[in-house]
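Good morning, and thank you for making the time.

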Amino acid sequence: MAERPNFGALSAMIGDLKKAWSGMDEVQSRMLKVTGTAWSDDQTIKAVVGPRGHLLELEIDPRVFRHPNSKALAATIVATVRMAVEDAAEQSKEILDGSLAPDLRRLAPGGDQLQKMLHSHDADVLVKGNDDE
């Protein structure tokens, strides 16, 4: 015997979808305004990134030039920018999570892959070239 669908749950899901869809313009607008900010551990570097992780501002305290070390400075800048990207990604995740019902978050395009992308860095991805060639 075939099991009958739970029409109440289906109706609730459709309602959640309509609510989420109607608010997408506002969600998109909020996500485009996200900026992530981070300071280096020694407070000499400040990085600000936009919603896609692009560097918008970089402040370097003149104290770093007292003992020049270009490799250490570069590593500190990269680490600080990564922290700023993580900050922006967390803010974006909070906006998305707040706009979708929990059951819809799991069904969202990309699902777990989207979450992995939001919380990864380009430097962590091993570029192997195009396998289709």
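**Salt bridges, helix packing and surface**

The side chains of Lys 93 and Asp 97 meet in a salt bridge, at 2.6 Å from N to O. By salt bridge I mean a side-chain nitrogen of Lys or Arg within 4 Å of a carboxyl oxygen of Asp or Glu. Both Lys 93 and Asp 97 belong to helix α3, residues 70–99, where they stand four residues apart, about one turn of the helix. Helices (H or I, at least four residues) and strands (E, at least two) are DSSP runs, numbered from the N terminus. Lys 93 counts as partly exposed because its relative accessibility is 24%; buried means under 20% relative accessible area, exposed over 50%, and partly exposed in between, with a 1.4 Å probe and protein chains only.

Before I continue, a word on the basis of these values. This is a predicted model, in which local features need pLDDT of at least 70 and side-chain atom pairs count only at pLDDT 80 or more, while totals for chains, interfaces and linings use all residues. Residues are numbered from 1 along each chain as its sequence is written, and side-chain values use heavy atoms, with hydrogens and water left out.

How many salt bridges does the structure hold? There are four. Another of them joins Glu 26 to Arg 30, with the closest N and O atoms 3.8 Å apart. Glu 26 and Arg 30 lie in helix α2, residues 24–32, again four residues apart, about one turn of the helix. Glu 26, at 46% relative accessibility, is partly exposed, and so is Arg 30, at 39%.

A further salt bridge is formed by Glu 59 and Lys 46, whose closest N and O atoms are 3.7 Å apart. This pair links distant parts of the chain, with Glu 59 in strand β3 and Lys 46 in strand β2 (residues 45–49), 13 residues apart.

Let me return to the two helices. The axes of α2 and α3 come within 10 Å and cross at roughly 170°; axes are lines fitted to C-alpha atoms, for helices over the stretch in contact, and angles run from 0 to 180 degrees between N-to-C directions. That makes α2 roughly antiparallel to α3, a label given to angles over 145 degrees. Met 24, Val 27, Arg 30 and Met 31 of α2 make the contact with Ser 92, Ile 95, Leu 96 and Ser 99 of α3, where contact means heavy atoms within 4.5 Å.

I turn next to a backbone detail. Most residues other than glycine have a negative phi. Gln 43, although not a glycine, has a positive phi of about 65°. Gln 43 lies in the loop between β1 (36–39) and β2, and is partly exposed at 43% relative accessibility.

Finally, the whole chain. The protein chain has five helices and three strands, running α-α-β-β-β-α-α-α from the N terminus on. Buried residues make up 25% of its 133 residues.

Thank you; I am glad to take questions.

Conventions:
Parallel < 35°, antiparallel > 145°, perpendicular 65-115°, else oblique.
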